[in-house]
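I opened this entry to record what I looked up in the structure shown below. The notes follow the order in which I worked.

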Amino acid sequence: MQTYHLKWKREFLAKSIFYGLIIIALLWVVVPFLWLVVSSLKPASDIMRTEIRWIPKRITIDNYLWTFGIEKAGTPSAHGQTLNILVYLRNTLIIVLVTCVISIMFSLLGGYSLARFRFVGRTSIALSLLATQFFPVILILIPWYILMGKFHLIDSLWGLILTFSAVTVPFSTWMMRGFISTISPDLEECAMTDGCGRIGAFFRITVPLTLPGLVAVMLWICVIVWNAFLIPLVLCNTPRTKTVSVALSELIVFHGPANWGGIMAASVITSLFPMIIFMFIQKYMIGGMTVGAVKG
Amino acid sequence: MKKGKLTPYLLLVPVVGLLILVYAYPLVSAIKLCFYELYLIHSMTPKFIGLRNFSRLWDDEVFRLSMKNSIYWVGGSNLCNIAIAMGFALLANVKFRFRGVVRGTFILPWVIPVVVVGILWRWIYNTEWGLLNGALLSGRILSSRVSWLSNSRTMWPSIILANSWKTYGFMFVCFLSGLQSIPLEVYEAATIDGASKWKTFLYITLPLLKPVATVVILLGIVWTFNDFNMVYLLTKGGPGHASMVYGPFVYMQSFWFYHFGYAAAAGVVGFLMMIIFGIIYLTQTKID
């Protein structure tokens with residue numbers, strides 16, 4: 001009896017420590033973002049306060065209106081212009097979608113080639129896909145900026161799409177190569193003997209079988225491109241072509257007053273897109289989809 | 001595996017074309033640019049000056065400081081990431097109710113845009129209205145406000161903590177999948193042999209995680225060193241040049257001052273330093 005009681009006590013203690021650690025870990029992850037959301041709902045007078053108030057006294061959507069270019073009459077417009085976030089969201093969305101399509105199309109072909117054929121140069125091409133991980137983007141951008149300037153592709157969504165396609169294609173090709181090599185080539189050969197032809201077999205067998213992985217990679221590319229900062233900062237910074245990240249970064253003020261409420265409302269809006277996508281691909285990410293990029 | 005003549009090459013044309021256009025060509029022309037003076041404000045035509053850019057770099061105190069800072073930045077970030085990712089992976093590897101939700105939440109910061117992360121942490125570290133000062137003052141842990149991002153003693157820990165919040169997710173996922181690939185029998189055998197939990201971790205888990213950990217740490221080092229976003233968004237390399245590192249230094253030399261030749265030289269120096277890690281990584285990779 002005594003020993004049973006002791007064992008129970010020890011297990012209870014171990015369990016409490018375990019759940020305690022989980023809760024601390026969760027708080028560390030969630031609290032910063034939650035604070036951002038809470039602050040974005042507070043009126044300016046409540047934001048600039050020392051005391052910590054998790055439940056706002058008065059909830060306001062003024063900050064969100066400000067990001068859409070609507071400033072309510074009567075609010076002091078010390079912060080000058082409002083933000084036209086819709087324009088930047090539109091720019092970003094166009095870039096994200098087009099890049100995604102290009103990158104997946106190219107990588108489907110390239111990945112198929114690397115997974116299904118043996119040829120001279122196969123290993124070096126595969127290795128160079130991985131080697132791109134080690135390139136400092138900032139160094140690449142210096143000559144790239146000059147080249148893009150020569151072709152009038154600075155401040156152009158097409159220039160940005162070209163750059164992002166190139167930046168994402170090594171990762172997606174590597175992933176597609178992995179997915180395709182897990183499918184037995186026998187399946188394709190069966191289809192081919194049934195008179196499908198190689199192209200028919202590719203579209204009827206290979207593509208449908210890789211579809212779940214393909215969609216996951218596609219969505220992950222969307223997140224990467226949406227969140228990118230340095231490349232659009234260098235290549236596109238006029239109001240016409242700016243992405244939402246660049247527009248947001250310009251709101252960060254290092255000296256003097258800033259409209260913190262508006263900045264945080266815009267931050268919440270910007271985070272929505274990747275967070276929604278994240279819900280769909282979460283299980284692939286934990287399942288190690290991105291780890292595939294690391295493993296040989 | 002098929003033997004092909006032309007088809008495999010044709011299929012790879014778009015991918016390889018992009019690689020050459022956006023990686024190979026710029027790299028070669030960046031290396032060429034190192035030996036030229038190209039100051040876009042003065043002139044659009046590059047002038048050959050030999051190794052002068054490199055000797056200027058050697059004398060540039062800001063560049064030397066940014067290289068020294070990069071050691072803190074890269075070392076600190078990776079130690080912090082490894083500790084958090086390993087701890088969280090061990091927690092998330094235990095079977096319990098809600099495990100799926102907890103795992104999902106753990107990687108959530110990884111998908112939040114880096115600019116938002118910068119804003120978020122600048123707000124938390126804000127001297128007057130920040131959450132951190134507020135909490136520490138009301139808990140009477142601090143007696144006066146701290147300017148977390150401009151105080152020379154708190155600057156690096158603050159930047160590193162914010163960066164880890166955003167980036168540990170990748171390491172976490174890698175460690176977790178590494179942990180899950182360890183067969184349960186190994187642990188059972190260890191328990192039968194009477195090994196304590198700590199000893200099991202030290203002599204079984206860690207050695208079996210080594211292959212994953214090596215690659216992840218190599219990538220972590222290079223990614224942090226090459227990173228521009230976090231330091232730029234949190235401090236812009238300031239106050240003064242106190243928190244300047246490689247990425248923001250090259251960016252400011254090129255796209256603030258239009259000193260392209262000089263910036264390329266600084267960029268190439270950093271690239272050469274990271275090449276060692278790249279070679280170790282590539283030799284570790286096996287392609288079937």
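**Chain A: burial and overall form**

I began with burial in chain A, where 44% of the 296 residues count as buried. A residue is buried if 20 or more other C-beta atoms lie within 10 Å of its own, exposed if 12 or fewer, and partly exposed in between, with C-beta atoms placed from the backbone. I note at once that this is a predicted model, in which local features need pLDDT of at least 70 and side-chain atom pairs count only at pLDDT 80 or more, while totals for chains, interfaces and linings use all residues. Residues are numbered from 1 along each chain as its sequence is written, and chains are lettered from A and ligands numbered from 1 in the order in which they are written.

I then looked up the secondary structure of chain A and found twelve helices and one strand. Helices (H or I, at least four residues) and strands (E, at least two) are DSSP runs, numbered from the N terminus. Along the sequence, I read the pattern of chain A as α-α-α-α-β-α-α-α-α-α-α-α-α. The radius of gyration of chain A is 25 Å, well over the 19 Å that the globule rule gives for 296 residues, so chain A is more spread out than a compact globule. This radius is taken over C-alpha atoms, and the rule is 2.2 Å times the number of residues to the power 0.38. Along the principal axes, the C-alpha atoms of chain A fill a box of roughly 85 × 75 × 35 Å.

For contacts in chain A between residues at least 6 apart in sequence, I recorded that 70% join residues at least 24 apart. Two residues are in contact if their C-beta atoms, placed from the backbone, lie within 7 Å.

**Chain B: confidence and overall form**

I checked confidence next: the model scores ipTM 0.88 and pTM 0.89. Chain B averages a pLDDT of 88, and 98% of its residues score at least 70; pLDDT is the predictor's confidence in each residue, from 0 to 100.

In chain B I found twelve helices and three strands. The C-alpha atoms of chain B fill a box of roughly 75 × 75 × 30 Å along the principal axes. Of its 288 residues, 44% count as buried. Among contacts in chain B with a separation of 6 or more, 68% are between residues 24 or more positions apart.

**Helix pairs**

Which helix of chain B did I find crossing helix H12 (residues 260-286) of chain A? The partner is helix H4 (residues 99-111) of chain B; the two axes come within 10 Å and cross at roughly 125 degrees. Axes are lines fitted to C-alpha atoms, for helices over the stretch in contact, and angles run from 0 to 180 degrees between N-to-C directions. H12(A) and H4(B) are therefore oblique to each other. Angles under 35 degrees count as roughly parallel, over 145 as roughly antiparallel, 65 to 115 as roughly perpendicular and the rest as oblique. I logged the crossing of H12(A) and H4(B) as right-handed. A crossing is left-handed if the near helix is turned anticlockwise from the far one by less than a right angle, and right-handed if clockwise. Residues that meet here include A:Phe278 and A:Met285 in H12(A), and B:Ile107 and B:Leu108 in H4(B).

Helix H1 (residues 7-33) and helix H12 (residues 260-284) of chain B pack at about 110 degrees, with their axes 8 Å apart. That makes H1(B) roughly perpendicular to H12(B). I recorded this crossing as left-handed. The contact is made by B:Ala30, B:Ile31 and B:Leu33 of H1(B) with B:Phe260, B:Gly261, B:Ala264, B:Gly267 and B:Val268 of H12(B).

**Open stretches and positive phi in chain B**

Is helix H8 (residues 184-192) of chain B buried or in the open? The number buried among its nine residues is zero, so H8(B) lies largely in the open. Just after H8(B), B:Gly194 takes a positive phi of about 85 degrees.

I also noted B:Phe98, in the loop between H3 and H4 of chain B. Its phi is near 45 degrees, a positive value in a residue other than glycine. B:Phe98 is exposed, with 10 other C-beta atoms within 10 Å.
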